[in-house]
Amino acid sequence: MTSRGWAACALAAVLVVLAVFAALSIPWHRPPAPRADQLAALRELPADQVARARAFHSALRPGSYGAMAIGLAGALLLGLTPLGARLVSLVGRPFAGNWLAEAVLGGLAVVLVVEIVTLPFSAWGHTVVVRYGISTQSWGAWAVDLLKSYAVGAVIGGLALLGFYAVVHFAPRWWWAVGALGAAALVVLLSFVLPVLVEPVFNKFTPMAGGPLRTELIALAARDGVPVRDVLVADASRRTRAVNAYVSGLGPTRRIVVYDTMLTEATPDEVVSVVAHELGHAKDNDVLTGTVIGALGTAAAVIALFLLGAWGGLLRLAGVGSIGEPRGIGLLIAVATLAGLAAGPAQAFVSRRIEARADEHALVLTGDPATFEAMQRRLGTVNLSDPDPPTWEYLMSASHPSTAERMAAARAYGRGDR
Ligand SMILES: [Zn+2]
């Protein structure tokens, strides 16, 4: 069998493993709470507050969809015309067309161009979140965050480009196999190191100060069978008024993080409810699930790219001889951008089901649906969430059930229906 034949078999095998893993690890059968409960919850929200949240999201849309459209157009222009290949050659010229310089510097240049064309839309988005009082950042602080994220992206992206094109260079026929394994390993490695290497670039994390709340949270975790050494508090207030909490990391790097804004905006009981939700993620190993799905998906994508490289028409459009040469990075980015957009709704669906399971965990663990509902209402109010977003937008991108769904789930649980 040829390398191509093996690649097709490997792709099929990875997709089967991915499907089986997803079928077993994702709580598919968790439909949203009854619509009647959602509507009842919605009716109790102050009308002016709902109107303000909807106005906020309307104001954000042109920026976010504009960025999506122009980013896609930029990626297609660089990938499906010879422009991307020319840019890589240009960047490689001072290095006499050295493949390593083309791979890393040329690759980063193409990514940077796609980033820069979306920059005006990000800036527009910043004016909206400032106008609505969500962001507390000056332009200077916003620019510093942007430069930091470019720097982090350049380091991670540079290493990925270096690794990928080195594998292609030294194993031109079998790069898909090494590349798939390497890309999957990179996804796992990033899950481990992001909380300790990347998150501290943007925020300071300090263990929650001793007191009744901390004691209660540690006891809650112990009761749940998810012992945690500490609950970390992030200094999110340096950039936002929004409240949030999350779990990140794997094994020794796993941590539960609460925004400092949560501690000033929410009652201690509501913080307990939020942490109970996060403990649900920890107990169900949701970060690990996401990492495994991400690793398998990335491996499949690398093999699919190799197979796509046989499509002569595509290579001619991009003006390259092979999909594995550094000058073809624009084509890779164009394909990855399209695949990412297509996978978005499925990712959002899976995320909503996992979030609904963590919500149910919080309800069972605290046995306090009233506080859970109050907490959801608080999150929605402070963060200006649309409590019942338009269906198309919800299906396309909502990572969490809507505020109405989450309040309704608490009501149904309180009645003993769930
Ligand atoms: Zn969650």
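A: Happy to. A residue counts as buried when its relative accessible area is under 20%, and as exposed when that value is over 50%. Keep in mind that this is a predicted model.

Q: Great. Are Trp176 and Phe306 buried or exposed?
A: Both of them, Trp176 and Phe306, are buried.

Q: And how do their rings sit, in distance and angle?
A: Trp176 and Phe306 make a tilted aromatic pair, with 6.2 Å from centre to centre and 40 degrees between the planes. Trp176 belongs to helix H7 (residues 175–202) and Phe306 to helix H11 (residues 286–308), so the pair ties together parts 130 residues apart in sequence.

Q: Which ring does the charged end of Arg4 sit over?
A: That would be the ring of Phe306, with the charged end of Arg4 4.9 Å from the ring centre.

Q: Stepping back, how many aromatic pairs does a search of the whole structure find?
A: The search finds 11 aromatic pairs. One of them is Tyr65 with Trp392: the ring centres are 5.8 Å apart and the planes are at 45 degrees, so this pair is tilted.

Q: Where in the chain are Tyr65 and Trp392?
A: Tyr65 is in helix H3 (residues 47–79) and Trp392 is in helix H15 (residues 391–397), so the pair links distant parts of the chain, 327 residues apart. Tyr65 counts as partly exposed because its relative accessibility is 25%. Trp392, at 47% relative accessibility, also counts as partly exposed.

Q: Switching to the metal: which protein donors does the zinc ion have?
A: The donors are His277 (NE2), His281 (NE2) and Glu355 (OE), lying 2.0 Å from the zinc ion. Their spacing in sequence is H-x3-H-x73-E.

Q: Why are His277 and His281 separated by about one helical turn?
A: Because the two histidines are four residues apart in helix H10. In general, an α-helix has 3.6 residues a turn, so residues three or four places apart point the same way. His277 and His281 are both buried.

Q: How many residues of H10 are buried?
A: H10 is mostly covered, with 13 of its 16 residues buried. At 1.5 Å a residue, the 16 residues of helix H10 (residues 268–283) should span 22 Å, and the end C-alpha atoms are 22 Å apart, which agrees.

Q: And what follows H10?
A: Asn285 follows H10, and its phi is positive, near 55 degrees.

How values were computed:
Residues are numbered from 1 along each chain as its sequence is written. This is a predicted model: local features need pLDDT of at least 70, side-chain atom pairs count only at pLDDT 80 or more; totals for chains, interfaces and linings use all residues. Side-chain values use heavy atoms; hydrogens and water are left out. Rings of Phe, Tyr and Trp (its six-membered ring) pair if their centres lie within 6.5 Å; planes under 30 degrees apart count as stacked, over 60 as edge-to-face and the rest as tilted. Buried means under 20% relative accessible area, exposed over 50%, partly exposed in between (1.4 Å probe, protein chains only). A charge sits over a ring if NZ of Lys or CZ of Arg is within 6 Å of the ring centre and within 35 degrees of the ring normal. The expected span of a helix is 1.5 Å times one less than its number of residues. Donors are N, O and S atoms within 2.8 Å of the metal (3.2 Å for Na, K and Ca); water is not among the atoms, so sites may look incomplete.
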